[in-house]
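Got your viewer open and a selection tool at hand? Let's walk through this one stop by stop.

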Amino acid sequence: MASSATQDRLSPQQFRRLASFIETYCGIKMPPVKKVMVEGRLRRRVNILGLSSLNAYCDHFFEQNDVGDEIIHLIDAVTTNKTEFFREPQHFQFLITQGLPALAEAGAGCNRTLKAWSAACSTGAEPYTLAMVLHDFGAAYRGYRYSILGTDICTEVLDKALLGIYPEEMISPVPEPFRKRYFLRARDRTKRTVRVMPDLRASVRFGRLNLMDEQYGVEDMIDIIFCRNILIYFDKATQERVLQRLCHHLRPGGYLLIGHSEATAGFSLPLRSVAPTIFMRE
Ligand SMILES: C[S@@+](CC[C@H](N)C(=O)[O-])C[C@H]1O[C@@H](n2cnc3c(N)ncnc32)[C@H](O)[C@@H]1O
């Protein structure tokens, strides 16, 4: 019998078991106040799997020999994927006016490919914003080249990012000339969607990556790393570990950008602050 009853609840023990698994697996803090949110989000899985209750879902999850497939759905259900084009615009302003010119001076984009990484990219607005900025900036240089990697733990958002289709209203923060240059409206106007132009889509690669992994399997010497609006979900020790690992992938002179409500105070990192929430690798 499928459960649709909203009064269906996880027992406190089952919630603790699930919360502890989630915290270890993907670093996201799961205090008791998140119980209602998790229950709400997992009800869909309970129904899809035809299980009788949330507690039955928990048993099902932990009874599998290999939590493999279901883990993807569990993570999709507990992650918060809010994102926007040109979110925290001062970061892009910094790159345009200071970061990219300094990197170009050191050869990035001109003598070699500039490498950028959006390390919790959600549905792709962040790496595509970076692609627009880099494409526009590079027009002033002959043969300017860059590559962008977008990674996230959640496969549902990665599928959307790869498709590059968004509701029309999502591009309202995009400057008008960029909207014209980098987006196509759906032929069927009633859909009210836009799609990132193929050339821009081709400049971003997407892949699944868990920031909790000991090794990221990503190339070293990256020029720009965005790790924004994800650290807040981690505890302090996890934040420091993740940032230390990201620093290993950052080229000296490269930039790390974190979210406006995130901080690095008290962490031991080879970084120097160049502007609020913007750091340079020493
Ligand atoms: C709030 S969104 C931020 C998106 C984007 N960086 C921005 O600022 O607009 C946080 C993203 O982090 C992802 N995430 C959560 N835990 C993660 C982990 N352990 N490894 C990688 N990504 C993770 C979520 O799936 C979600 O898409």
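Start with the shell around the ligand: its residues split into 10 nonpolar, nine polar and five charged. That makes 24 residues surrounding the ligand, and if you want the closest ones, select Thr79, Thr83, Ala120, Ser122 and Cys154. Keep in mind as you click around that this is a predicted model. Now colour domain 1 (12–78) and domain 2 (89–281) separately: each of them supplies at least three residues to the shell.

Next, select strand β2, residues 146–152. Is β2 mostly covered or mostly open? Mostly covered: six of its seven residues are buried. Now bring in helix α6, residues 125–138: together with β1 and β2, α6 forms a right-handed β-α-β unit.

β2 has another partner to show. Select strand β6 (residues 204–208), which runs parallel to β2 and is joined to it by five bridges. The pair to click here is Ile148, opposite Val204 in β6.

Time to go inside. The largest nonpolar core has 73 residues, and Ile225, Cys227 and Leu256 are the ones with the most contacts within it. Which helix gives the most to this core? That's α6, with eight residues. Since domain 1 (12–78) and domain 2 (89–281) both give residues to the core, it lies between them. As a bit of background, nonpolar side chains in soluble globular proteins tend to be buried together.

Now jump to strand β9 (residues 271–275) and strand β10 (residues 278–281). These two run antiparallel, with four bridges joining them, and Leu271 stands opposite Arg281 in β10. The hairpin they make has two residues between the strands, and Thr277 there takes a positive phi near 60°.

Phe86, in the loop between α4 (68–78) and α5 (89–105), has a positive phi near 50° without being a glycine. Phe86 counts as partly exposed, with 19 C-beta neighbours inside 10 Å. Then select Arg192 in the loop between β4 (183–185) and β5 (193–196). Arg192 isn't a glycine either, yet its phi is positive, at about 55°. Is Arg192 buried or exposed? Exposed: Arg192 has 11 other C-beta atoms within 10 Å.

Methods
Residues are numbered from 1 along each chain as its sequence is written. This is a predicted model: local features need pLDDT of at least 70, side-chain atom pairs count only at pLDDT 80 or more; totals for chains, interfaces and linings use all residues. A residue is near a molecule or strand if its C-beta atom, placed from the backbone, lies within 6 Å of it. Ala, Val, Leu, Ile, Met, Phe, Trp, Tyr, Cys and Pro count as nonpolar, Asp, Glu, Lys and Arg as charged, and the others, Gly among them, as polar. Domain bounds come from an automatic or database domain assignment. A residue is buried if 20 or more other C-beta atoms lie within 10 Å of its own, exposed if 12 or fewer, and partly exposed in between; C-beta atoms are placed from the backbone. A crossover is right-handed if, with the strands pointing away from the viewer, the path from the first strand over the helix to the second runs clockwise. Two strands pair if DSSP finds at least two bridges between them. A nonpolar core is a set of buried Ala, Val, Leu, Ile, Met, Phe, Trp, Tyr and Cys residues joined through C-beta atoms within 7 Å.
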